[in-house]
Amino acid sequence: MAPDAKAGLATRSIHYDSDLSGPEVAANISTTTTFRHPSPKQIASKPEGYYSDKWDASEPSRDIYSRYTQPTLTRVERVLSSIIGQPTVVYPSGISSAFAVLLLVRPDVIAITEGYHGCHASLEVYRRLRGEDQVSVIKLDDEYPNGKKLLCWVETPLNPTGESRSIAAYAKRARAVGGTVGVDATFAPPPLQDPFKWGADVVMHSGTKYFAGHSDTLCGTVSVRNKEDWLKLWHDRTYTGSNIGSLDTWLLLRSLRTLSVRVNRQSATATALAQWLASLTRAESGSDLDGPGGVVEKVWHTSLQEDRAELLGEGKQMEKGPATFGMLLKKPEYATNLPHSLKFFVPATSLGGVESLIEQRSLSDPNADPRLIRLSIGLEDFEDLKRDLVQGFRNVIQIEQGKVSKL
Ligand SMILES: Cc1ncc(COP(=O)(O)O)c(C=O)c1O
């Protein structure tokens with residue numbers, strides 16, 4: 001059956017590669033790195049083989065070697081291109097995706113403020129490669145220079161707070177000087193946000209998070225506006241050897257089948273939790289109504305931003321709130337003890353998986369405030385997560401009061 005471009009996102013996540021399938025219902029797992037060459041007779045009857053310029057990596061007439069193409073990867077890229085809305089290349093990690101964007105755009109000036117610290121480190125590798133004096137880094141809100149190759153790198157929603165930035169506003173400023181807009185959209189996969197609609201030229205995701213969704217697969221994606229750039233990305237991936245492994249590709253395809261239902265549910269639970277946690281910041285220390293006061297200082301989330309009406313809601317940049325967000329606790333000891341006082345939240349870094357994760361952010365990012373907590377909301381029931389946090393807050397107060405022993 002041919003793919004139906006009019007079908008909804010959830011349907012396309014499940015069926016958009018069905019014409020690439022055999023009789024099996026779930027995709028086959030194949031680990032082969034190499035594929036049989038066709039016979040001279042077969043080549044003569046169908047000349048679009050690898051050595052012909054008709055061979056197209058995005059729709060390969062045959063597979064030759066898995067660094068070029070392999071069937072599960074072709075299927076995954078087909079599905080991702082459909083749900084992200086533009087041609088997409090898959091990578092072995094989010095960081096390799098970020099680096100692929102730099103190789104594609106080859107900027108002389110990069111405008112970036114905050115966001116995932118690993119992307120800043122990746123950018124420094126790029127600067128080293130180019131010559132540090134050849135590439136300057138400015139802030140997103142600085143004035144953009146004319147006549148330089150500018151990459152405006154907008155991470156939105158932002159790691160670790162879950163706050164959103166206006167892609168359209170940065171795109172307008174970047175366009176005015178002929179710059180390129182790259183969006184790290186890891187925190188808001190489809191169906192939460194479509195950065196291309198707001199002016200992005202290149203969109204990357206750490207697919208490790210929501211696309212893979214089960215805390216078991218490192219991967220990343222880069223999407224571009226045309227096939228020419230897709231082919232450049234494919235070329236660079238093939239000849240820097242930054243390929244995702246076959247098993248990981250299969251895990252990713254398996255996970256995409258449930259993307260929409262997972263992300264919608266995670267977003268709804270996270271938004272409700274963020275609202276409730278924000279209400280606790282207004283509770284007096286010593287009070288305990290819908291949870292104890294005096295523990296949570298501040299909560300960040302797109303739904304709590306002052307300019308949320310411009311950014312969040314139907315037809316806005318964010319259709320729904322992100323499922324990962326940050327909160328500041330009153331004391332560093334609270335942030336140290338809370339992750340280990342919970343039953344359902346797992347104390348670990350990363351985000352986007354089916355199990356909720358909680359992290360004192362300074363354990364992963366040494367520059368983070370030691371009171372900062374990041375929560376990634378999974379698929380558990382809202383009431384259970386809320387109950388878990390309430391008893392966790394009570395526990396950290398009791399540790400402070402010496403009523404229960406240290407963890
Ligand atoms: C916003 C963002 N971008 C990129 C990355 C890097 O992705 P990966 O860990 O898959 O390499 C991460 C990882 O946490 C991230 O949060």
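Predicted model: local features only at pLDDT ≥ 70, side-chain atom pairs only at ≥ 80, totals over all residues.
I began at the domain boundary and got 18 residue pairs in polar contact between domain 1 and domain 2, both residues at pLDDT 80 or more. A polar contact here is a pair of N or O atoms within 3.5 Å; within protein, one must be able to donate a hydrogen and the other to accept it, and residues adjacent in sequence count only if both atoms are side-chain atoms.

Numbering starts from 1 along each chain as its sequence is written, and side-chain values use heavy atoms, without hydrogens and water.

Next I looked for salt bridges (a side-chain nitrogen of Lys or Arg within 4 Å of a carboxyl oxygen of Asp or Glu). Across the interface of domain 1 and domain 2 I found 0, though the overall count comes to 19.

Arg257 sits in the loop between H8 and H9, and Asp17 in the loop between H1 and H2, so the pair ties together parts 240 residues apart in sequence. I used DSSP runs for helices (H or I, at least four residues). Asp17 is buried at 1% relative accessibility, whereas Arg257 is partly exposed at 21%. My cut-offs were under 20% for buried, over 50% for exposed and in between for partly exposed (1.4 Å probe, protein chains only). Arg75 joins Asp17 and Arg257 in a salt-bridge network.

Key
Helix = DSSP H or I, 4+ residues; strand = E, 2+ residues; numbered from the N terminus.
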